[in-house]
Amino acid sequence: MSFAKINTRGLLGLHAPLIEVEVHLSQGLPSLTIVGLAEAAVRESKDRVRSAIINSGFQFPSKRLTINLAPADLPKDGSRLDLPIALGILIASGQLPEHSVDQLEFIGELALDGQLRPTTGTLSIAIACQQAQHRLILPEQNALEAAQLPHFEVYAAKHLKDVCEHLSQTHPLPAVKVEADSHRQAYKFDLADVKGQLRPRRGLEIAAAGGHSLLFRGPPGTGKTLLASRLPSILPPLDTQENLEVASIYSVANTQHRFGQRPFRAPHHTASAIALVGGGSQPKPGEITLAHLGVLFLDELPEFDRKVLEVLRQPLESKEIVISRASRQITYPANFQLIAAMNPCPCGYAFNQDQRCQCSAESIKRYQNRISGPLLDRIDLHIDVPPLTVQELQAQSAAESSTQVRERVIQAYEQQIQRQNCLNHALSPQQLEQYAYLNAQTKHMLELAQQRLNLSARAYHRVLRVARTIADLANATEIQTTHLSEALSYRQPQ
């Protein structure tokens, strides 16, 4: 046998297209050629593979070796192709049985001594492998991540020799199994830590129930960051498919994430636009994708560069981000919940005519104008966070815990899914007419509010969506005047 074909996977965003590693041995001067649009890390694999094969007790063939990575027009990057290339050489040279790799796929980087090193994007590769009804052999460090998929066979190996012994049936590798964790991962923060601030807590509950964006405004030290960090603890738990979707994003980004928890991302205000949306020569997920199905918290909102904030406009509406490069175009999901916090002025104390504020009217206006009107218009809830009194701080906390609030949020969440199969923040104008019905009294109230607050068409629809969420929390079938008036109170002019 002078020819071998091994199945492996590449990475294109969150997708893992199939790559066939074809190895051919022919007569001629000893050489090794890799073709098929291989990038630097793949081209360098020839030296790693040669040393790994020799140090694992096998012979490296002294013939002309041609390795083709198909499809030829798909860019191949990363070191995950080391293991399939090595196995292809061993099968083509007759050192491993020909049909031992049927229905199997392989990924893994090889050390010079034959040890297997972990790679990125394991979960995306495992999902694609499962859809193809193949089994997967990969480095031991990646095994638990891939084994999270239900009804999927994963084999973990420490060394190239272990894989070869499995294929030759001398020492088969055991399938990796993980115990299903039926308990929801506990968050380290709880809403019971927040004293007072009843209106901001109410806004946080509404935002959680309907998936709405929210802006906290107030002087320093009033608990804006404290409130925002508690939002994931009151959100409904992720289902199995959503957990895998989030975990695959973090696998591609090579970033740690606690499986079962909603993401909470809080980039510093010096972050660039590429850091937020993703990018690079080989596009990687940005903060908005890492916050997918979770929370993106922007503290000190006016301190962000205005051009950086403007990149959030389109993802807030489309819930995805398209990164275009000369060689490829990649779409990443970005269904995040935006929570922002800001001070009312540069010194932070221009709140309720606080005498500590020495900022001029012009400087306050210039500070607030760092955030564009179109971006503010896309934020559903604008809530003031006033300073607490000493009595409130010293009082024994009798606030509701995250568990208690989450029960109401889940109840409202389930009502929305059963009624319209989406959360209220995603209702289209046509769906609003159907599910956010207004009677004559509420219609008249909204007409007056639109004239007084000068609401745009977008703000008009967002008020209706918030009112629909407030009605769901009250377990009401129709939007009433109390629900609409509360929703309008969160759209006060800036």
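Which strand holds Arg217? I looked, and Arg217 belongs to strand S10, residues 214-217. Before going on, I noted that this is a predicted model, in which local features need pLDDT of at least 70 and side-chain atom pairs count only at pLDDT 80 or more, while totals for chains, interfaces and linings use all residues. Residues are numbered from 1 along each chain as its sequence is written, and side-chain values use heavy atoms, with hydrogens and water left out.

**Entry 1: Arg217**

I kept to the DSSP naming, where helices (H or I, at least four residues) and strands (E, at least two) are runs numbered from the N terminus. Arg217 has a relative accessible area of 15%, so I put it down as buried (under 20% relative accessible area, with exposed over 50% and partly exposed in between, using a 1.4 Å probe and protein chains only). Its side chain makes a polar contact of 3.3 Å with the side chain of Asp384. For polar contacts I took a pair of N or O atoms within 3.5 Å; within protein, one must be able to donate a hydrogen and the other to accept it, and residues adjacent in sequence count only if both atoms are side-chain atoms. I also checked Lys177: it is 40 residues from Arg217 in sequence and 48 Å from it in space, C-alpha to C-alpha.

**Entry 2: Gln420 and helix H17**

Gln420 sits in H17, residues 402-420, and is buried at 8% relative accessible area. I found side-chain polar contacts from Gln420 to Arg419 at 2.9 Å and to Asn424 at 2.7 Å. Setting aside residues up to four places away in sequence, Gln420 touches Leu427, Gln431 and Tyr435 (contact is heavy atoms within 4.5 Å).

Next I followed H17 to H7, residues 198-210: the two pack at about 35 degrees with axes 8 Å apart. The axes are lines fitted to C-alpha atoms, for helices over the stretch in contact, and angles run from 0 to 180 degrees between N-to-C directions. Arg201, Glu205, Ala208, Ala209 and Gly210 of H7 meet Val405, Arg408, Val409, Ala412, Tyr413 and Gln416 of H17. I sorted that contact by class into six nonpolar, two polar and three charged residues. Here Ala, Val, Leu, Ile, Met, Phe, Trp, Tyr, Cys and Pro count as nonpolar, Asp, Glu, Lys and Arg as charged, and the others, Gly among them, as polar.

**Entry 3: H19 and H21**

How do H19 and H21 lie, roughly parallel or roughly antiparallel? Their axes come within 10 Å and cross at roughly 15 degrees, which makes H19 roughly parallel to H21 (angles under 35 degrees; over 145 is roughly antiparallel, 65 to 115 roughly perpendicular and the rest oblique). The crossing of H19 and H21 is right-handed. Among the residues making the contact are Met445 and Leu446 of H19 and Leu484 and Leu488 of H21. By class, I have six nonpolar, four polar and no charged residues for this pair.

Ser248 is in H9, residues 240-253, and is buried at 5%. A polar atom of its side chain lies 2.7 Å from the backbone oxygen of Glu245. Beyond neighbours within four places in sequence, Ser248 contacts Leu14, Leu123 and Ser124.

Last, I opened H3, residues 82-92: eleven of its eleven residues are buried, so H3 is largely enclosed by the rest of the structure. After H3 comes Gly94, with a positive phi near 80 degrees.

Notes. A crossing is left-handed if the near helix is turned anticlockwise from the far one by less than a right angle, and right-handed if clockwise.
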